[in-house]
Amino acid sequence: KEIEKLTKEYCLYTWENIWNSSQNKINDFSNLPNREKILEMVNKYSTSTKQHNLQVWDIMEYFAEKLWENKDYWWMVWVIHDIDWDYIEKDWNRHCKEEFIKMCNEFKIPENIIKDVQSHVSTSMIEKPDTLVRKYLSSTDELSWFIWAYFRMNPSNDPMDIKVKSI
(Lines give C-alpha, C1' and ligand atoms only; values in the text may rest on other atoms or scores of the structure.)
Protein backbone atom coordinates (compact mmCIF):
# COMPACT_ATOMS: atom_id res chain seq x y z
CA LYS A 1 0.00 0.00 0.00
CA GLU A 2 2.86 2.38 0.78
CA ILE A 3 4.33 1.84 -2.69
CA GLU A 4 0.93 2.50 -4.29
CA LYS A 5 0.59 5.69 -2.26
CA LEU A 6 4.05 6.90 -3.28
CA THR A 7 3.44 5.95 -6.89
CA LYS A 8 0.25 7.98 -6.99
CA GLU A 9 1.76 10.90 -5.09
CA TYR A 10 5.00 11.15 -7.07
CA CYS A 11 4.02 9.53 -10.32
CA LEU A 12 5.95 11.03 -13.21
CA TYR A 13 5.55 8.75 -16.17
CA THR A 14 1.89 7.77 -16.62
CA TRP A 15 -0.39 8.40 -19.52
CA GLU A 16 -2.67 10.41 -17.24
CA ASN A 17 0.24 12.71 -16.29
CA ILE A 18 1.35 13.01 -19.88
CA TRP A 19 -2.19 13.91 -20.98
CA ASN A 20 -2.75 16.41 -18.15
CA SER A 21 0.62 18.07 -18.76
CA SER A 22 0.01 18.27 -22.48
CA GLN A 23 -3.03 20.44 -21.81
CA ASN A 24 -0.71 23.14 -20.36
CA LYS A 25 2.14 22.50 -22.77
CA ILE A 26 3.83 25.31 -24.61
CA ASN A 27 3.70 24.68 -28.34
CA ASP A 28 5.42 27.80 -29.62
CA PHE A 29 9.19 27.50 -29.28
CA SER A 30 10.07 30.30 -31.68
CA ASN A 31 11.16 32.63 -28.87
CA LEU A 32 13.74 30.23 -27.41
CA PRO A 33 17.30 31.50 -27.27
CA ASN A 34 19.84 29.30 -28.99
CA ARG A 35 22.14 26.95 -27.09
CA GLU A 36 25.16 29.18 -27.60
CA LYS A 37 23.37 32.02 -25.79
CA ILE A 38 22.45 29.72 -22.91
CA LEU A 39 26.03 28.44 -22.63
CA GLU A 40 27.24 32.06 -22.64
CA MET A 41 24.96 32.64 -19.64
CA VAL A 42 26.32 29.55 -17.89
CA ASN A 43 29.90 30.65 -18.50
CA LYS A 44 29.19 34.12 -17.16
CA TYR A 45 27.36 33.20 -13.97
CA SER A 46 28.18 29.61 -13.03
CA THR A 47 31.40 28.67 -11.30
CA SER A 48 31.32 25.80 -8.80
CA THR A 49 27.90 24.57 -9.96
CA LYS A 50 28.75 24.77 -13.64
CA GLN A 51 29.59 21.10 -13.81
CA HIS A 52 26.29 20.20 -12.15
CA ASN A 53 24.42 22.41 -14.62
CA LEU A 54 26.16 20.83 -17.58
CA GLN A 55 26.92 17.25 -16.53
CA VAL A 56 23.47 15.80 -16.83
CA TRP A 57 21.64 17.88 -19.39
CA ASP A 58 21.23 14.76 -21.48
CA ILE A 59 19.03 13.32 -18.72
CA MET A 60 16.46 15.99 -19.51
CA GLU A 61 16.93 15.53 -23.25
CA TYR A 62 16.48 11.79 -22.81
CA PHE A 63 13.19 12.19 -20.93
CA ALA A 64 11.98 14.90 -23.30
CA GLU A 65 12.49 12.51 -26.21
CA LYS A 66 10.75 9.66 -24.39
CA LEU A 67 7.80 11.91 -23.57
CA TRP A 68 7.59 13.55 -27.03
CA GLU A 69 8.54 16.93 -25.59
CA ASN A 70 10.79 19.62 -27.05
CA LYS A 71 14.38 18.58 -26.26
CA ASP A 72 15.81 22.09 -26.64
CA TYR A 73 13.28 23.52 -24.22
CA TRP A 74 13.91 20.83 -21.60
CA TRP A 75 17.67 21.20 -22.06
CA MET A 76 17.45 24.97 -21.44
CA VAL A 77 15.36 24.52 -18.31
CA TRP A 78 17.91 22.06 -16.97
CA VAL A 79 21.05 23.99 -17.86
CA ILE A 80 19.95 27.23 -16.20
CA HIS A 81 18.11 25.75 -13.22
CA ASP A 82 20.92 26.62 -10.77
CA ILE A 83 22.53 29.45 -12.75
CA ASP A 84 22.22 31.84 -9.80
CA TRP A 85 23.43 29.41 -7.12
CA ASP A 86 27.05 30.61 -7.02
CA TYR A 87 26.13 34.26 -7.53
CA ILE A 88 23.78 34.27 -4.52
CA GLU A 89 26.38 32.40 -2.44
CA LYS A 90 24.19 29.29 -2.16
CA ASP A 91 21.44 31.07 -0.22
CA TRP A 92 18.20 29.07 -0.49
CA ASN A 93 16.16 32.13 0.45
CA ARG A 94 17.37 33.95 -2.68
CA HIS A 95 17.48 31.00 -5.10
CA CYS A 96 15.54 31.57 -8.34
CA LYS A 97 14.26 34.92 -7.22
CA GLU A 98 15.37 38.50 -7.92
CA GLU A 99 18.96 37.86 -9.07
CA PHE A 100 17.90 34.85 -11.14
CA ILE A 101 15.22 36.90 -12.91
CA LYS A 102 17.75 39.67 -13.66
CA MET A 103 20.14 37.13 -15.18
CA CYS A 104 17.35 35.66 -17.29
CA ASN A 105 16.21 39.07 -18.45
CA GLU A 106 19.77 39.95 -19.46
CA PHE A 107 19.81 36.91 -21.76
CA LYS A 108 16.17 37.30 -22.85
CA ILE A 109 15.03 34.00 -21.34
CA PRO A 110 11.28 33.56 -21.89
CA GLU A 111 9.01 33.76 -18.86
CA ASN A 112 7.79 30.18 -19.26
CA ILE A 113 11.36 28.88 -18.81
CA ILE A 114 11.85 31.12 -15.78
CA LYS A 115 8.69 29.75 -14.17
CA ASP A 116 9.62 26.16 -14.96
CA VAL A 117 13.01 26.67 -13.35
CA GLN A 118 11.48 28.35 -10.31
CA SER A 119 9.32 25.27 -9.73
CA HIS A 120 12.30 23.20 -8.58
CA VAL A 121 12.89 25.36 -5.48
CA SER A 122 11.00 23.29 -2.95
CA THR A 123 11.67 25.64 -0.05
CA SER A 124 9.79 28.56 -1.52
CA MET A 125 7.29 27.03 -3.94
CA ILE A 126 7.36 30.07 -6.20
CA GLU A 127 5.84 27.86 -8.88
CA LYS A 128 4.27 24.45 -8.36
CA PRO A 129 5.90 21.41 -10.00
CA ASP A 130 2.69 20.68 -11.90
CA THR A 131 3.89 19.86 -15.42
CA LEU A 132 6.12 17.11 -16.74
CA VAL A 133 9.14 19.35 -17.27
CA ARG A 134 8.81 20.66 -13.72
CA LYS A 135 8.39 17.21 -12.18
CA TYR A 136 11.32 15.80 -14.08
CA LEU A 137 13.51 18.79 -13.26
CA SER A 138 12.83 18.41 -9.53
CA SER A 139 13.48 14.69 -9.49
CA THR A 140 16.50 14.59 -11.80
CA ASP A 141 18.12 17.50 -9.96
CA GLU A 142 18.13 15.58 -6.68
CA LEU A 143 19.10 12.32 -8.34
CA SER A 144 22.01 13.90 -10.20
CA TRP A 145 23.54 15.23 -6.96
CA PHE A 146 23.24 11.78 -5.42
CA ILE A 147 24.90 10.11 -8.42
CA TRP A 148 27.63 12.78 -8.45
CA ALA A 149 28.38 12.19 -4.76
CA TYR A 150 28.56 8.44 -5.36
CA PHE A 151 30.83 8.97 -8.37
CA ARG A 152 33.19 11.18 -6.34
CA MET A 153 33.61 8.34 -3.84
CA ASN A 154 34.28 5.82 -6.61
CA PRO A 155 38.04 5.23 -6.82
CA SER A 156 38.09 4.45 -10.56
CA ASN A 157 36.87 7.90 -11.72
CA ASP A 158 34.96 6.17 -14.51
CA PRO A 159 31.20 6.71 -14.38
CA MET A 160 30.72 3.47 -16.29
CA ASP A 161 31.99 1.65 -13.17
CA ILE A 162 28.95 2.76 -11.20
CA LYS A 163 26.83 -0.29 -10.43
CA VAL A 164 23.11 0.21 -9.92
CA LYS A 165 22.98 -2.30 -7.05
CA SER A 166 25.75 -0.33 -5.28
CA ILE A 167 23.56 2.72 -5.19
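## Helix α6 against helix α8

In this predicted model, the axes of α6 and α8 cross at roughly 55 degrees and come within 9 Å. Axes here are lines fitted to C-alpha atoms, for helices over the stretch in contact, and angles run from 0 to 180 degrees between N-to-C directions. Helices (H or I, at least four residues) and strands (E, at least two) are DSSP runs, numbered from the N terminus. α6 and α8 are therefore oblique to each other; angles under 35 degrees count as roughly parallel, over 145 as roughly antiparallel, 65 to 115 as roughly perpendicular and the rest as oblique.

The crossing of α6 past α8 is right-handed, a term used if the near helix is turned clockwise from the far one by less than a right angle, with left-handed for anticlockwise. Tyr-73, Met-76, Val-77 and Ile-80 of α6 make the contact with Asn-112, Ile-113, Asp-116 and Val-117 of α8, where contact means heavy atoms within 4.5 Å. By class, six residues of the contact of α6 with α8 are nonpolar, one is polar and one is charged. Ala, Val, Leu, Ile, Met, Phe, Trp, Tyr, Cys and Pro count as nonpolar, Asp, Glu, Lys and Arg as charged, and the others, Gly among them, as polar.

## Helix α7 against helix α8

Helix α7 (residues 98-106) packs on helix α8 (residues 111-118) at an angle of about 150 degrees, and their axes are 11 Å apart. That makes α7 roughly antiparallel to α8. The crossing of α7 and α8 is right-handed. From α7, Phe-100, Ile-101, Cys-104 and Asn-105 meet Ile-114, Val-117 and Gln-118 of α8. The residues of this contact of α7 with α8 divide into five nonpolar, two polar and no charged.

## Burial of α8

Six of the eight residues of α8 are buried, and the helix is mostly covered. Buried means under 20% relative accessible area, exposed over 50%, and partly exposed in between (1.4 Å probe, protein chains only). The buried residues are Asn-112, Ile-113, Ile-114, Asp-116, Val-117 and Gln-118. The buried residues of α8 pack against α6 (71-80), α7 and α9 (132-153).

## Aromatic pairs

The count of aromatic pairs comes to six. Rings of Phe, Tyr and Trp (its six-membered ring) pair if their centres lie within 6.5 Å; planes under 30 degrees apart count as stacked, over 60 as edge-to-face and the rest as tilted. The rings of Tyr-45 and Tyr-87 are edge-to-face, with centres 5.8 Å apart and planes at 90 degrees. This pair links distant parts of the chain, 42 residues apart: Tyr-45 is in helix α3 (residues 35-45) and Tyr-87 is in the loop between α6 and α7. Tyr-45 is buried, with a relative accessible area of 14%.

Phe-63 and Tyr-136 form a tilted pair, 4.7 Å centre to centre with 50 degrees between the planes. Phe-63 lies in helix α5 (residues 57-66) and Tyr-136 in helix α9, so the pair ties together parts that are 73 residues apart in sequence. Phe-63 counts as partly exposed at 25% relative accessibility, whereas Tyr-136 counts as buried at 4%. Tyr-62, Phe-63, Trp-74 and Tyr-136 form one aromatic cluster.

## Two loop residues

Phe-107 is placed in the loop between α7 and α8 and counts as buried at 4% relative accessibility. Leaving aside residues up to four places away in sequence, Phe-107 touches Lys-37, Glu-40, Met-41, Lys-44 and Tyr-45. Phe-107 and Lys-37 are 70 residues apart along the chain, and their C-alpha atoms are separated by 7.3 Å.

Arg-94 is in the loop between α6 and α7 and is partly exposed, with a relative accessible area of 29%. Residues up to four places away in sequence not being counted, Arg-94 touches Asp-84, Tyr-87, Ile-88 and Glu-99. Arg-94 and Asp-84 are ten residues apart in sequence and 8.9 Å apart in space, C-alpha to C-alpha.

## Whole chain

The protein has nine helices and zero strands. Of its 167 residues, 39% count as buried. Among contacts with a separation of 6 or more, 62% are accounted for by residues 24 or more positions apart.

## Basis of the values

Residues are numbered from 1 along each chain as its sequence is written, and side-chain values use heavy atoms, with hydrogens and water left out. In this predicted model, local features need pLDDT of at least 70 and side-chain atom pairs count only at pLDDT 80 or more, while totals for chains, interfaces and linings use all residues.
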